[in-house]
Amino acid sequence: MVKNIYGHLLVTAIVTDERICFLVIKNRYGGLGLDRKIKVNIDACLSKMVTAETVYNKYGAVIIWENTEMDGMAISRLKDFGVEDLLIYESILPVMKRQSEEKPSVQVEAGEKNVSFAEVYEKDTDEFKTILHDLSVGKADSLNKTVQIVNSVYSRKNDHSEIVDCITRIRKVDEYTYYHCINVSLLSMMIGKWMKLAPDDIYMLVQAGLLHDIGKSMISPEIINKPGKLSIEELAAMKNHPEYGYHMIKNLKGIDARVSDAVFHHHEREDGSGYPNGLQGSQISQFAKIIAIADTYDAMTANRSYKLKDSPFRVFDLMQNGCFGYLDPVILETFLSNISHYYIGYKVKLRDNRIAEVIYINKQQYGKPVLNTVDTYINISKAKNLSIEEVL
Ligand SMILES: [Fe+2]
Ligand SMILES: [Fe+2]
């Protein structure tokens, strides 16, 4: 046997049919020598190290796949889940040691944090668009690529202001489906945080939110992109998407049963009026209830080819007063009471074209805040014939 200075096997002798052969070992980069896996403490991990194992959480969901090049986000996620050490491929270590001398890991993470949320948001949406396209042409294995987007969304779990800002301002009519899935993922994650769920649960909510409409990739684009109302037959076809989505992901490695269940039941309603199974109240899982609220909010605030978006305040009003019997009231209250406060300080345009600033949110009526104009305060809940038309 011949080994290099890192202990990689370069050449070995094997005996077959009483003949001696020499086998030259090549590693995954085409170089000489087998990759050796070494265990590294999470605090010593650096960007660009490559994982040599798939790491799972306690529910069997994947935190990071083998052969993933790590970055600051992946490392902080592993720490969040309490991972203390993991296997990495040693063959790129010499390079990493040089990089670490030039650039401490703290700075690497800080640099990645400096990438604006809007840039990451647009990039994730673009990647999800590619995945949905691949799925619609039968490339089922592209579903595995969603892990990167889930990790990217999850890494921004504390950036609520930036998330609300992007969801409010970036609205592209023709790209609705892709932005919608990213938005539902982000909104579900925030609801999970506000409900003080465990990190594992919040991670699964990110997955479920991203994948909730994945079954639409199996439905004809003419129906998905049809401007205007769907016919009865088209609506019936569209209503198959939760079931299609469920079957697409239920056997995927790293997908918890609670995630696939949420995908299956995100259109169920508290009073049994939803689909596909007409489940009621406690028959609907907590995850499905959370996705339903995120899904409803994003759909109502979206610009579509056949309808103009409603302002977040109009949607707060509609959800607080018009969704009784449809959405879980406790989760809905958690959602509205938290998200509405992120709009304090926003400029809004009133029906009479005046511009005002949101200064106070009224808990009894989240959609009717107190505003400050140049010359007066306005309590929208008391003002007659005055409403918020647009958030600027
Ligand atoms: Fe849906
Ligand atoms: Fe949806």
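Visitor: Is His266 buried or exposed?

Guide: A residue is called buried under 20% relative accessible area, exposed over 50% and partly exposed in between, with a 1.4 Å probe and protein chains only; His266, at 0%, is buried, and Asp213, at 4%, is buried too. Please keep in mind that this is a predicted model, in which local features need pLDDT of at least 70 and side-chain atom pairs pLDDT 80 or more, while totals for chains, interfaces and linings use all residues. Residues are numbered from 1 along each chain as written, chains are lettered from A and ligands numbered from 1 in written order, and side-chain values use heavy atoms, without hydrogens and water.

Visitor: Which residues coordinate the iron ion (ligand 1)?

Guide: Donors are N, O and S atoms within 2.8 Å of the metal (3.2 Å for Na, K and Ca), and sites may look incomplete because water is not among the atoms. Here the donors are Asp213 (OD), His241 (NE2), His266 (NE2) and His267 (NE2), at 2.2 Å.

Visitor: Which residue coordinates both iron ions?

Guide: Asp213 does, and ligand 1 and ligand 2 lie 3.6 Å apart. Asp213 sits in the loop between helix H8 (199-211) and helix H9 (221-224), and His266 in the loop between helix H12 (257-265) and helix H13 (286-301), so the pair ties together parts 53 residues apart in sequence.

Visitor: How many residues of H13 are buried?

Guide: Helices (H or I, at least four residues) and strands (E, at least two) are DSSP runs numbered from the N terminus. In H13, 14 of the 16 residues are buried, so the helix is largely enclosed by the rest of the structure.
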